[in-house]
Amino acid sequence: MQRDAPPARQGFSAGAPRLGIAGGGQLARMTAQAAQQLGVDVVILERVSESPAASAAAEVLIGDWSSLEYLQALASRVDVVTFENEFVDAKLVEALGASGAQVWPSAHTMGVVQDKLRAKTTLAREGIPVPAFRAVASPQDLLDAAEEWAWPLVLKRRRDGYDGRGNATVRGAADVEGAWARLGGAPVYVEAFCPFTTELATIVTRSPDGATVVYPVVETVQRDHICHTVTAPASVPAAIAARAAELAKRAVSAVAGTGSIGVEMFLLADGALLINELAPRVHNSGHYTIEACDSSQFENHVRAVLRWPLGSPAMCAPAAAMVNLLGAGDGPGRPAGLDRALAVAGAHVHVYGKRTSTRGRKMGHVTALGPTPEAALATVRAAARHIRFGGDDGTHA
């Protein structure tokens, strides 16, 4: 049901479209910045007032985005509601849509992707290659899986896992009890270990009517299960990149995704590709698109959920690279060494505005363009090594 647009409120431009974002972290911040460029007013719903996205929003609602009451308050102020993360329960999304709100991604998409076992089952049913997987309900089920697939195995929580949280690599029978004790209190499933040679990713942006654009396939390098660097385009044969892009497009269609969606893949030694995970939101592997593409993943997300024509995902330089800036320890969110990083020619520094740093927390990123991925990577590393958030140990480069 289409709801009449609410009356203009203080802080809004008269007649401007209004976009609500549940969540106020860095992904919401960069989405709101892209929305501003298009003349879209943004309302953020976050539990605290001083969130990274607050400075880019026309209005901030303080409340819990896992509460239907606050989600409905957000919807009453905007034309469309979208999400910064995949953790807003699908039942709440369904109830929000039933009340007349325009919500993207849909409750169906959120429900599928929130449950990684359901997501893998959905993809496999559509003939999309994924690692071997099965549901498990006891430590014995892990031992049975090892009989079929051999060690190691990867035990995963079905819900609420990210950046390696909620995963445990089980290297042998002696590890089973410990892994189960760590993760088995929640619904879990198991995957065969994937001996990949390269981790690939792409962003697919899809409109409610099915119009789709696919960004260049990139190579990602993880450190401690957190994305460390991204290089675009990936240094793989063109035929593999084309196949990866097509698989990603099929995967997003299989879950009826809307907006910008991150797709992570494994490339095996024999050239086979497997879909690892889907994230129904703008994604860390696509941050480089702000400088490197005609339309960033954030701009195209706004376009998609507002039912506007999608922009080109083509790169405007031969290559690009990104490195994440992580907290080195506890301390203030203001970076040390920013002046030295800004002196590096060609480096684009993004600081997320988080008030405090903790070890491993995503505090910003650096992007650079270049004639080759290697040249762009050298630039981002040169800038990133100057920046520190909280503490003096560790490096970004």
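Student: Which residues of α4 and α5 actually meet in this model?

Tutor: On the α4 side you've got His108, Gly111, Val112, Val113 and Gln114, and they meet Lys116, Arg118, Ala119 and Thr122 of α5. Keep in mind that the model is predicted. Sorted by class, that contact has three nonpolar, four polar and two charged residues.

Student: And why is α4 called roughly perpendicular to α5?

Tutor: Look at the angle. Helix α4 (residues 107-114) and helix α5 (residues 116-125) pack at about 105°, with axes 5 Å apart. Angles of 65 to 115 degrees count as roughly perpendicular, so that is the label for α4 against α5.

Student: What goes into the largest nonpolar core?

Tutor: That core has 26 residues, and those with the most contacts inside it are Leu123, Leu200, Val263, Met265, Leu273, Ile275 and Leu278. Two or more residues each come from α4, α5, β9 (196-206), α8 (238-254), β13 (259-268) and β14 (273-279). The largest share, seven residues, is from α8.

Student: Which residues does Met265 touch, beyond its neighbours within four places in sequence?

Tutor: Its contacts there are Thr198, Glu199, Leu200, Ala201, Thr202, Ala244, Ala248, Leu274, Ile275 and Asn276. There's also a second, separate core of 19 residues, including Leu74, Phe83, Val88 and Leu96.

Student: Last one: why is α10 said to be largely enclosed by the rest of the structure?

Tutor: Set each residue against the cut-off: buried means under 20% relative accessible area. In helix α10 (residues 297-305), nine of the nine residues are buried, so the helix counts as largely enclosed.

Student: What follows α10?

Tutor: Arg307 does, and its phi is positive, near 65°.

Note on methods. Residues numbered from 1 in each chain as written. Predicted model: local features only at pLDDT ≥ 70, side-chain atom pairs only at ≥ 80, totals over all residues. Heavy atoms only, no water. Axes fitted to C-alpha atoms, helices over the stretch in contact; angles between N-to-C directions. Helix = DSSP H or I, 4+ residues; strand = E, 2+ residues; numbered from the N terminus. Parallel < 35°, antiparallel > 145°, perpendicular 65-115°, else oblique. Contact = heavy atoms within 4.5 Å. Nonpolar A, V, L, I, M, F, W, Y, C, P; charged D, E, K, R; others polar. Core = buried A, V, L, I, M, F, W, Y, C linked by side-chain atoms within 4.5 Å. Buried < 20%, exposed > 50% of the residue type's maximum accessible area, 1.4 Å probe, protein only.
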